Amino acid sequence: MSRGIGVTETLRETLPEWTAPLFELAALGGDLLLIVPVLGLLYVTSVFVSLRRSTDAGEGPLCSDRSAFVIAVVFGGLALIVLLKAALSLPRPPAELHAVSPSEYGFPSGHTMAATIFWGAIALWSTIGRQRARFAVAAAVVSLVGLSRLALGVHYLVDVVASIAFGLVYLAVVAGIANGRPGRAFVIAIAIAGIAVLVGGEHSRALLALAGSVGVGTSWWVLERASVRRRPVRTVERGLSG
């Protein structure tokens with residue numbers, strides 16, 4: 001069944017070729033080259049703030065529950081993208097429409113779904129600025145990433161819209177199940193990555209998703225319990241109500 005409804009073809013025929021590098025830059029909003037370093041910066045910043053604010057042993061977790069939860073949710077979402085691509089294995093638009101060299105499968109749009117999950121998690125659970133502003137930034141970035149994938153000719157409109165829907169549903173489900181607890185979110189991420197390996201076999205992306213989820217989750221658990229500054233875990237919801 002064809003997913004094309006003419007939008008991708010129209011954009012490729014209308015947009016001048018010099019715009020392709022600009023859309024490649026816009027797509028970075030949903031690229032691992034941006035997402036992974038930002039997650040690392042989020043963790044380091046959280047630890048720095050925690051160390052700077054604390055004066056007594058047992059003052060709190062080394063990395064705040066909010067930051068750890070965002071990191072866990074995003075890793076689970078990245079694993080879900082790998083799982084869906086392996087399970088559905090739907091092709092991309094014809095190669096003659098491609099302005100860049102994409103990976104093998106076209107549904108869902110990995111960049112768009114990653115942007116939805118990453119920026120959505122930041123909007124929902126970070127404390128940067130006002131929440132309304134965070135949601136506005138998230139919506140703008142996700143829209144721009146989705147448009148860029150169409151303009152570059154590597155996805156259909158259906159792929160982009162479905163990817164946003166998948167990302168939003170994932171955020172809602174993991175929020176309900178994990179209830180703001182980083183440990184639960186990491187378990188979910190590892191479970192999704194494990195299923196991706198089973199579905200995709202020894203595909204490098206599935207193995208990388210599993211290794212990343214296990215590695216980051218285990219590191220967080222070990223470091224938090226090794227810290228002498230540990231206190232009872234507070235959920236995101238309790239923090240919001242406080």
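Aromatic pairs and helix packing in a predicted model

Author: In this predicted model, the count of aromatic pairs comes to four.

Reader: What makes Phe-107 and Phe-166 an aromatic pair, and why is the pair called edge-to-face?

Author: The ring centres of Phe-107 and Phe-166 are 6.0 Å apart, and rings pair if their centres lie within 6.5 Å, so the two count as a pair. Their planes stand at 80°, and because planes over 60 degrees apart count as edge-to-face, that is the name the pair receives.

Reader: How do you know that this pair links distant parts of the chain?

Author: Phe-107 sits in the loop between helix H4 (65-88) and helix H5 (110-125), while Phe-166 belongs to helix H7 (residues 157-178), and the two are 59 residues apart.

Reader: Why is Phe-107 called buried, and what is Phe-166 called?

Author: Buried means under 20% relative accessible area, and Phe-107, at 10%, therefore counts as buried. Phe-166 has 29% relative accessibility, a value that lies between the 20% limit for buried and the 50% limit for exposed, so Phe-166 counts as partly exposed.

Reader: Why is the pair of Phe-118 and Trp-119 called edge-to-face?

Author: The ring centres of Phe-118 and Trp-119 are 5.1 Å apart, with the planes at 80°, and since the cut-off for edge-to-face is over 60 degrees, the pair falls in that class. Phe-118 itself, at 1% relative accessibility, counts as buried, because the limit is under 20%.

Reader: Why is helix H1 called roughly perpendicular to helix H6?

Author: Helix H1 (residues 7-14) and helix H6 (residues 131-151) pack at an angle of about 75°, their axes being 8 Å apart. Angles of 65 to 115 degrees count as roughly perpendicular, so H1 is described in that way relative to H6.

Reader: Which residues make this contact, and what classes do they belong to?

Author: On the H1 side the contact is made by Val-7, Thr-8, Leu-11 and Arg-12, and on the H6 side by Leu-147, Leu-150 and Ala-151. By class, there are five nonpolar residues, one polar and one charged.

Reader: How many helices and strands does the chain have, and what is the mean pLDDT?

Author: The chain has 10 helices and zero strands. The mean pLDDT is 85, and 87% of the residues reach 70 or more. Over residues 228-235, however, the pLDDT is below 50, although this stretch has 26 contacts in the model beyond near neighbours in sequence. Where pLDDT is low, the predicted coordinates should not be read in detail.

Note on methods. Residues are numbered from 1 along each chain as its sequence is written. This is a predicted model: local features need pLDDT of at least 70, side-chain atom pairs count only at pLDDT 80 or more; totals for chains, interfaces and linings use all residues. Side-chain values use heavy atoms; hydrogens and water are left out. pLDDT is the predictor's confidence in each residue, from 0 to 100. Contact means heavy atoms within 4.5 Å. Rings of Phe, Tyr and Trp (its six-membered ring) pair if their centres lie within 6.5 Å; planes under 30 degrees apart count as stacked, over 60 as edge-to-face and the rest as tilted. Helices (H or I, at least four residues) and strands (E, at least two) are DSSP runs, numbered from the N terminus. Buried means under 20% relative accessible area, exposed over 50%, partly exposed in between (1.4 Å probe, protein chains only). Axes are lines fitted to C-alpha atoms, for helices over the stretch in contact, and angles run from 0 to 180 degrees between N-to-C directions. Angles under 35 degrees count as roughly parallel, over 145 as roughly antiparallel, 65 to 115 as roughly perpendicular and the rest as oblique. Ala, Val, Leu, Ile, Met, Phe, Trp, Tyr, Cys and Pro count as nonpolar, Asp, Glu, Lys and Arg as charged, and the others, Gly among them, as polar.
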